[in-house]
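Subject: Structure for your review

Dear colleague,

Please find below the structure I am handing over to you, with its sequence. My notes on what was found in it follow directly after.

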Amino acid sequence: MQNTTKAVDYDTIIVGAGFGGLRALYEMRKRGKSVRLLDAGSDVGGTWYWNRYPGARTDSEAWAYCYSFSQELQDEWDWPERMPTWNQVQGYLAHVADKFAMREDISFNTQVVACTYDEACNQWEITTADGAVLRCHYFISAVGWFAVAVEPPFDMSGFKGAWYMSSKWPKEEVDFRGKKVGIVGSGSTAVQILPVVAKLASQVTMFQRTPNYVLPGRNHPLDSTDMDSIRSRYDAIWEQVRKQAFAFPMETSTIMYDDVDDEQRERLFEFGWEQGGFRYIFETFGDILTDRRTNAAAADFVRRKIRSIVKDPATADLLTPRYPIALKRPPLGNFYYESFNRDNVKLVDVSTHPLIGATGQGLRTAVAEYDFDIIIFAIGFDAVTGPLTKLPVRGRGGQLISEKWAAGPRTHLGIVMDGFPNMFIITGPQSPFSNVPPVIDVAVDWIGQAIARADATQADVIEAKADAVDRWVQLMQDLLDQTLLGEAVELKSWFMGANIPGKAHAPLHYFGGASGYFDEIAKSLDTGFANDLVFSNAALVPAE
């Protein structure tokens with residue numbers, strides 16, 4: 001007889017109400033599935049709900065940091081800025097949820113604490129913090145890359161002032177006026193926080209371990225004329241996105257190092273710098289990530305910019321990276337380097353003498369103490385794999401994802417795994433390191449078509465082929481080896497897992513470019529998932 005079955009509460013349960021979760025909700029409805037979306041926050045937004053720190057904004061241009069599945073949605077939404085702030089992005093996602101009446105299928109303030117595949121029933125059990133257990137056939141994780149923040153590395157209970165984590169910023173406004181503020185960290189988040197806080201605080205001290213190549217954001221408002229122009233070009237914009245290596249709305253340069261002389265090279269770098277954003281990396285030369293000479297020239301240009309902007313030579317020297325550009329994700333700044341020309345901003349290098357603890361008045365290293373009224377920790381995330389390895393997710397035989405990924409992530413297409421039937425991951429490990437929303441659109445469509453195939457063939461189990469997973473894992477390493485990015489381990493880069501002690505150093509992303517990934521998805525669909533998935537019925541068991 002067939003395995004024991006129990007009634008499911010929903011065909012599909014989705015965890016996470018950011019870009020991925022909302023897009024999956026739309027898709028599952030379209031496919032006729034009953035669906036419930038669970039999120040720990042009180043509203044939609046995902047990353048943009050929790051990361052509401054001062055200065056938080058995207059580093060992707062608004063007109064491609066959005067959905068492409070609805071022409072009507074594109075036609076009616078006005079973006080106010082080139083690089084939108086956190087609340088503008090969250091407002092966009094709230095509009096999407098309202099427009100498509102999604103809230104009726106969302107449970108907010110609902111924290112998921114365990115996800116378990118019940119082999120006897122071929123169902124997933126999703127357990128929430130209040131003790132509820134919901135059963136579903138398909139489980140979709142849309143928790144994203146940055147759901148697990150790195151906590152302060154020492155006890156803060158003795159500090160008499162206020163302290164905050166950038167990833168858990170309070171909804172209430174934090175008053176920096178006249179305060180002494182310490183910022184721990186110098187990555188993308190800290191780069192956004194510093195210029196804003198420096199305008200109000202009496203003193204700001206940033207603790208930096210590793211300097212970054214901070215590129216100018218060149219953010220600016222968008223008026224109705226700008227939006228009309230964008231709408232008229234959306235077909236061309238999405239075509240650019242599909243072809244661009246990191247799914248940005250820009251053309252990737254085909255110019256290589258040897259194609260120009262030193263004077264022309266300087267002009268191209270100046271052009272990219274003034275364009276702002278990641279155009280400096282992609283619209284100048286096509287081999288910055290693969291040719292050491294081009295990379296060295298691009299890095300040296302930014303170093304010279306830092307020294308020309310920052311007035312104090314000693315501070316400029318501390319801010320100047322010595323490693324190849326783009327081995328760490330370059331932050332985008334809006335007057336970041338200029339902030340160090342303010343009298344109330346100080347930079348402290350902790351690469352030699354790291355912070356080792358908190359005092360009642362502030363922070364200390366082995367050689368100095370610093371007094372603060374407010375301390376901000378912007379020290380990163382257990383990124384990409386952390387959200388699923390920290391959550392008990394158990395597949396066949398009770399195996400935890402954390403066990404399966406002990407030596408590094410193992411997926412196919414960054415979406416499915418062997419041993420975890422009927423589970424799908426959106427923006428999971430081994431998906432492209434790129435502008436995320438366009439990748440979500442493609443990945444969710446793939447998931448929807450896989451489920452439709454199962455329905456059409458009366459299959460009730462969808463699982464990645466083990467050899468497909470093996471091939472994908474090997475491809476991740478092969479693609480990494482074609483770039484300079486493998487050296488990022490030495491810089492404790494999060495996209496190699498190197499920022500977390502004890503975490504396996506392995507490529508967390510597909511580094512073949514978003515366009516290459518889109519080709520892989522298309523190939524999978526064209527072959528009817530033949531090399532990717534096993535479609536079957538739940539196993540029969542002998543009668544007792």
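Phe529 lies in the loop that runs between helix H17 (514-526) and strand S20 (533-536). Please keep in mind here, and in everything below, that this is a predicted model. The phi of Phe529 is near 65 degrees, a positive value in a residue other than glycine. Most residues other than glycine have a negative phi. Phe529 counts as buried, because its relative accessible area is 5% and the cut-off for buried is under 20%.

Asn122 is a further residue with a positive phi, in this case of about 55 degrees, although it is not a glycine. With a relative accessibility of 3%, Asn122 is buried.

I turn next to the interior. In soluble globular proteins, nonpolar side chains tend to be buried together. In this model the largest nonpolar core has 153 residues, and those with the most contacts inside it are Tyr92, Tyr280, Ile415, Phe424, Trp446 and Tyr517. Helix H15 (residues 436-456) supplies the largest share of this core, namely ten residues.

When residues up to four places away in sequence are not counted, Phe424 touches Tyr138, Phe139, Ile140 and Ser141, together with Ile415, Val416, Trp446, Ile447, Ile451 and Ile462.

Which residues does Ile281 contact, once its neighbours within four places in sequence are left aside? They are Leu215, Ile288 and Ile325. Ile281 is part of helix H9 (residues 279-282), and its relative accessibility of 5% makes it buried. Between Ile281 and Gln71 there are 30 Å in space, C-alpha to C-alpha, and the two are 210 residues apart in sequence.

Helix H5 (residues 188-198) deserves a paragraph of its own. Nine of its eleven residues are buried, so helix H5 is largely enclosed by the rest of the structure. The buried residues of H5 are Thr189, Ala190, Val191, Gln192, Ile193, Leu194, Pro195, Val197 and Ala198. They pack against several elements, among them strand S8 (180-184), strand S9 (203-208), helix H12 (336-339) and strand S16 (374-377).

The largest cavity has a volume of about 60 Å³. Its lining consists of Cys66, Tyr67, Leu73, Gln74, Trp77, Trp79, Tyr92, Met227 and Tyr234. By class, eight of the residues lining the largest cavity are nonpolar, one is polar and none is charged. Tyr92, one of the lining residues, is also among those with the most contacts inside the largest nonpolar core.

The remaining topic is charge. Side chains of opposite charge can pair when their charged atoms come close. A search of the whole structure finds 41 salt bridges. One of these joins the side chains of Glu72 and Lys99, at 2.7 Å from N to O. Glu72 belongs to helix H3 (residues 71-76) and Lys99 to helix H4 (residues 86-99), so this pair ties together parts that are 27 residues apart in sequence. Lys99 is partly exposed, at 27% relative accessible area.

- Lys243 pairs with Glu239, their closest N and O atoms being 3.4 Å apart. Both lie in helix H7 (residues 234-243), four residues apart, about one turn of the helix. Lys243 is exposed, at 59% relative accessible area, whereas Glu239 is partly exposed, at 34%.
- Arg304 pairs with Asp300, with 3.0 Å between the closest N and O atoms. Both lie in helix H10 (residues 292-309), again four residues apart, about one turn of the helix. Arg304 is partly exposed, at 36% relative accessibility, and Asp300 is partly exposed as well, at 33%.

Finally, salt bridges link Arg23, Glu27, Lys30, Arg31 and Asp441 in a network.

Yours sincerely

Key. Residues are numbered from 1 along each chain as its sequence is written. This is a predicted model: local features need pLDDT of at least 70, side-chain atom pairs count only at pLDDT 80 or more; totals for chains, interfaces and linings use all residues. Side-chain values use heavy atoms; hydrogens and water are left out. A nonpolar core is a set of buried Ala, Val, Leu, Ile, Met, Phe, Trp, Tyr and Cys residues joined through side-chain atoms within 4.5 Å. Buried means under 20% relative accessible area, exposed over 50%, partly exposed in between (1.4 Å probe, protein chains only). Helices (H or I, at least four residues) and strands (E, at least two) are DSSP runs, numbered from the N terminus. Contact means heavy atoms within 4.5 Å. A salt bridge is a side-chain nitrogen of Lys or Arg within 4 Å of a carboxyl oxygen of Asp or Glu. On a 1 Å grid over the protein atoms alone, a cavity is a set of points where a 1.4 Å probe fits but cannot get out, and a pocket is an open set with protein on both sides within 12 Å along at least five of seven lines; lining residues have an atom within 4 Å of a point. Grid points are joined across faces, edges and corners, and a volume is the space filled by probe spheres set on the points. Ala, Val, Leu, Ile, Met, Phe, Trp, Tyr, Cys and Pro count as nonpolar, Asp, Glu, Lys and Arg as charged, and the others, Gly among them, as polar.
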